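Work through the exercises below with the structure open beside the text. Each task is followed by a solution in steps.

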2 protein chains.
Amino acid sequence: MNNAASRHPFDRAIALEPQGRANADGSLTYRGHTSPAYANMVGPFGGITAAQALQSVMLHPQLLGEPVAFTGNFAAAMRDGEFIVQATPARTNRSTQHWTITIRQADDQGDRATVFTATVLTARRRDTWGAVDVAVPEAPTPQNSAAVPALRELPEWFKRYEMRWVRGIIPDRWDGTESDSTSTLWARDELGRPLDFPALLAMCDVFYPRVWLRRAKRVPAGTVSMTVYFHVDAAGLADSGTGHVLCDARGQGFFGGFFDQAATLWSEQRRLLASSHQVVYYRE
Amino acid sequence: MNNAASRHPFDRAIALEPQGRANADGSLTYRGHTSPAYANMVGPFGGITAAQALQSVMLHPQLLGEPVAFTGNFAAAMRDGEFIVQATPARTNRSTQHWTITIRQADDQGDRATVFTATVLTARRRDTWGAVDVAVPEAPTPQNSAAVPALRELPEWFKRYEMRWVRGIIPDRWDGTESDSTSTLWARDELGRPLDFPALLAMCDVFYPRVWLRRAKRVPAGTVSMTVYFHVDAAGLADSGTGHVLCDARGQGFFGGFFDQAATLWSEQRRLLASSHQVVYYRE
């Protein structure tokens, strides 16, 4: 890590210190810390936890290829402070690799308990035919989109992004009027840090709970599981550079305390960067 | 398992024999076998492997609630024959539980190697507000939809389902004409076995590779990772009984050897049962 990169809050947040060498099964353990810069109302921003998990793979000496798919499960509330990440290459093939990841933290009794699990697929990309069959969200330029209004209770992580809203900004009246659950916004790192896989992964969690918008009602809600498919390689990410990312999300099915969210993320040049899905618990 | 159920090929396919009792961490190991009734061209139908993995959770004495989210990763080709599944309750909360699952098989050297990994979220459902914001696919009744044409190379698992096609049936001319990647079909167990969570999970993998339809070209392709969100509880599944399930899938982004598929599954009464996503490798 160079000094310039290490000064950025995102790089500090995902910094992990390997604890010795890999075991016989390839598993490697790292120590990390939650980041005050990416704090949520309670505990850390889910996107930063996902990025920390992915970083344990990115730093692993046995890594093959680049991230293609990531599923992370928020198993329990994370506490502010230290955590331990373990990344294991469960299977390494000729051009693909499957990872399992666990994040543990000390619980009330001082025992290490699992707070996050993940699986990751990495692969060497091939040159193939390609196409994008999902519609680009309609949006004006970032400059012509609305800045975030001054809200009283902005969580700290929110300030790490420059956000420009196209539609579906957080309701200003919690009056229970049901409406479309779609949000579209431009997001960019506040300091212009160039996009890489952990940063793109974190950005897939930039949306507030769809159920708040859908119902104009602020019920308890939180992401429980999140899947991201990357549709870009490192060279493609470098192309999007420090530009804004067009982020679009909508709710699908809301039933029995859980709903799912479908999202897509696009570069300023309207290149599909990632598709993402998550399941979110809600009450009432 | 009663005798009637045990005679059904699906129940035989997902039958698992616990190997002793759960360990201190709650992990429990089972022995299972691939099923000739659900064989694919090479190895087993991916949907049945996913169902076997989920079954290891369904049978676990510490199971809390019902399945909400499932992600399975096809880490390596499965061989016909025996396998070992290990299900671990990684975290148990008041109303949610997070599981990790590994399937292992002997490799060429006789060592047990990981061939499949999964994470599962189970939860006690709550009575909440609900809505479905994803469009129901247009479809005539199953009786007015087309039966599967007599193809030469039908894999065995295909015959376990009564399929009625609405659109996007497998191309009869592989002439490279690019077209929409959407398939819509009615599917039902050939013997009328009522739907349960493992059967619904397997059905989420009923689609042939979207890239074949999109390009009218039969390139090598296979599912690598699959996520399913359940939008129904056991009572809701019982309501759909032995009816047909409306299955709809389309490709999203095709890039560098991997594409993603978005799918929804609905009861005959047009109730949303599941949303599903998978990432599929392809060549050329």
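The exercises use a predicted model, and they go from the pairing of the chains to single residues.

**Exercise 1. Find how chain B is superposed on chain A, and state what kind of axis relates the two copies.**

Step 1. Two copies of a chain are related by a rotation about an axis and a shift along it.
Step 2. Chain B is superposed on chain A by a rotation of 180°, with 0.0 Å of shift along the axis and an RMSD of 0.0 Å.
Step 3. The copies are therefore related as by a two-fold rotation axis.
Step 4. Of the interface residues of chain B, 100% are also interface residues in chain A, so the copies meet through the same surface.

**Exercise 2. Describe the interface between chain B and chain A: how many residues are in contact, and what area is buried?**

Step 1. In the contact between the chains, 61 residues of chain B meet 61 residues of chain A.
Step 2. The size of an interface is often given as the accessible area lost when the parts come together. Between chain B and chain A the buried area is about 5100 Å², and carbon and sulfur atoms give 57% of it.
Step 3. Trp129(B), Tyr229(B) and Phe255(B) supply 15% of the area that chain B buries against chain A, more than any other three residues.
Step 4. Polar contacts between chain B and chain A join 38 residue pairs, both residues being at pLDDT 80 or more. On the side of chain B that touches chain A, strand S6 (residues 112–123) of chain B gives the most, with 7 residues.
Step 5. There are 2 salt bridges between chain B and chain A. Asp133(A) and Arg214(B) are joined through their side chains by a salt bridge, 2.5 Å from N to O.

**Exercise 3. Locate Thr34(A) and decide whether Thr34(A) is buried or exposed.**

Step 1. Thr34(A) sits in the loop between strand S2 (28–33) and helix H3 (46–58) of chain A.
Step 2. Its relative accessible area is 14%, and buried means under 20%, so Thr34(A) is buried.
Step 3. The side chain of Thr34(A) comes to 2.7 Å from the backbone nitrogen of Gly81(A).
Step 4. Beyond four places in sequence, the residues touched by Thr34(A) include Pro44(A), Gln52(A), Asp80(A) and Phe83(A).
Step 5. Phe83(A) belongs to strand S4 (residues 82–92) of chain A and is buried, with a relative accessible area of 1%.
Step 6. Phe83(A) and His33(A) are 50 residues apart along the chain, yet their C-alpha atoms are separated by 5.8 Å.

**Exercise 4. Is the phi of Ala216(A) positive or negative, and where does Ala216(A) lie?**

Step 1. Most residues other than glycine have a negative phi.
Step 2. The phi of Ala216(A) is near 45°, a positive value in a residue other than glycine.
Step 3. Ala216(A) lies in the loop between helix H5 (210–215) and strand S11 (221–230) of chain A, and is buried at 6% relative accessibility.

Note on methods:
Residues numbered from 1 in each chain as written. Chains lettered and ligands numbered in written order. Predicted model: local features only at pLDDT ≥ 70, side-chain atom pairs only at ≥ 80, totals over all residues. Heavy atoms only, no water. Least-squares fit on C-alpha atoms with pLDDT ≥ 70 in both. Contact = heavy atoms within 4.5 Å. Buried area = accessible area lost by both parts, 1.4 Å probe. Salt bridge = Lys/Arg side-chain N within 4 Å of Asp/Glu carboxyl O. Polar contact = N/O pair within 3.5 Å; in protein donor to acceptor, adjacent residues only side chain to side chain. Helix = DSSP H or I, 4+ residues; strand = E, 2+ residues; numbered from the N terminus. Buried < 20%, exposed > 50% of the residue type's maximum accessible area, 1.4 Å probe, protein only.
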